[in-house]
Amino acid sequence: MVSVTSSEASRSRSKKVCVIGAGPSGLVSARELRKEGHKVVVMEQNDDVGGQWLYQPNVDEEDPLGRIRNGSINGSLKVHSSIYSSLRLTSPREIMGYSDFPFLAKKGRDMRRFPGHKELWLYLRDFSEAFGLREMIRFNVRVEFVREEEEGEDVKRWIVRSREKLSGKVMEEIFDAIVVATGHYSHPRLPSIKGMDSWKRKQIHSHVYRVPDPFRNEVVVVVGNSMSGQDISMELVEVATEVHLSAKSLDISCGLSKVISKHPNLLLHPQIESLEEDGRVIFVDGSWVVADTILYCTGYSYKFPFLESKGRIEVDDDRVGPLFEHTFPPSLSPSLSFVGIPRKLIGFPFFEAQAKWIAQVLSGKSSLPSSDQMLQSVADFYRSRDLAGVPKHNTHDIADFTYCDKYADYVGFPHLEEWRKLLCLSALNNSQENLETYRDSWDDHELLQEALQSSHFTNLNS
């Protein structure tokens, strides 16, 4: 029997890991991986941390519908962030922070409970500086491809080719593991509408919407009444002649109903039937309007153009799979993992739990079920979603506190605090009732005090 010293064992557990993306999920992944003793390189295509929260005002080079242009490297968009100038958080800052780094209001900055996007970017910058993460990040580097090394079956390693955006220098490196943390709000998801390709007037996706002024005195049709569709519509009514909001269902919230009754130039319609060459937008109820612009607030798709997995991980109608617990592809685990796939949850704490799990699996502190067991778990999950009538493209929309707690149990991560859950629900309910004012008028003062007296805020020096 060969004896292994503790230092040798430690080295064998330490992996060289490439994290792709320095947004909220990539930053916390880098931290947790380093905590577990792994050597981490983060590759970030932009010039600073923040991912989606690094505002990009200049969208002139991007296709208006966010379509990939011919010749684009590996199907990459020019612009990563989809944030518009006026965007404010839809959740109060108290629930947003990582477990040990609360999102505090700081003097001289945006101190509102529902601050603008820049304040969350500053929080992420503070986080990266507090934990010394910048030293692990290569900025202005685009990952061109990630593929398995052809040698050996037992130990999977990965070849990563990256290109420095400024110098054009190309590098190829070998990593033991890849963590994909590229986000999911960059690649526009577009509807299929009769006449869409031949409609001659302006069509854009909210991915490239930044400010309302270009739509002054126009008739605008906004497709989709998600939070962004509602936000942008409320902003456009101040400058546009008319705003026509096209929704899947006319059964709308009380808050949106109040907004529509307040603004005579904001009108609600069902879905679009067709677009006509004379500029008409015809809705399924037979009504129509001649529009100058159609603005699609129709969401985003998951895309990983750099990943060469030989079909073992695919995106099918926005279902990324197979992924065990939205994180590990069974046939490629644990050397390939994803952080930040789930949507509609309290993101930062969940991403932190994911990152801890990945880091501990890679170091051997935690283990995964067999590949067959993971595949069965995925199949069971898909079946449960199908039985619940959830469309395939909503596979990763979780909206379930119980699931977050179950997930945390994998690594002994604390369950979501009750005050986080209640503050989240309070904000959601308030937005349903008071869409225009909920960010600045709220009545959850007792809940807020309970949150601020919790260990999340009081153990700042521990």
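**View 1. Cysteines in the predicted model: the disulfide count comes to 0.** The model is predicted. How far is the sulfur of Cys424 from the closest cysteine sulfur? The distance is 9.4 Å, and the partner is Cys404. A disulfide needs two cysteine sulfur atoms within 2.5 Å, so the sulfurs of Cys424 and Cys404 are too far apart for a bond. Cys18 is another cysteine to inspect here. Its relative accessible area is 0%, so Cys18 is buried.

**View 2. Gly51 in its loop.** Gly51 sits in the loop that runs between β2 (39–43) and α3 (117–130). Is Gly51 buried or exposed? Gly51 is buried, because its relative accessible area is 5%, and buried means under 20%. Leaving aside residues up to four places away in sequence, Gly51 touches Ala22, Gly23 and His80.

**View 3. Gly51 and Trp442, 30 Å apart by C-alpha atoms.** Along the chain, 391 residues separate the pair.

**View 4. Helix α4 (residues 227–236), mostly covered.** Of its 10 residues, 8 are buried. Which residues of α4 are buried? They are Gly229, Gln230, Asp231, Ile232, Ser233, Met234, Glu235 and Leu236.

**View 5. The packing partners of α4.** The buried residues of α4 pack against several elements. The strands are β10 (219–223), β11 (242–246), β12 (266–269) and β16 (293–296). A helix, α5 (254–262), also packs against the buried residues of α4.

Terms used: Residues numbered from 1 in each chain as written. Predicted model: local features only at pLDDT ≥ 70, side-chain atom pairs only at ≥ 80, totals over all residues. Heavy atoms only, no water. Helix = DSSP H or I, 4+ residues; strand = E, 2+ residues; numbered from the N terminus. Buried < 20%, exposed > 50% of the residue type's maximum accessible area, 1.4 Å probe, protein only. Contact = heavy atoms within 4.5 Å.
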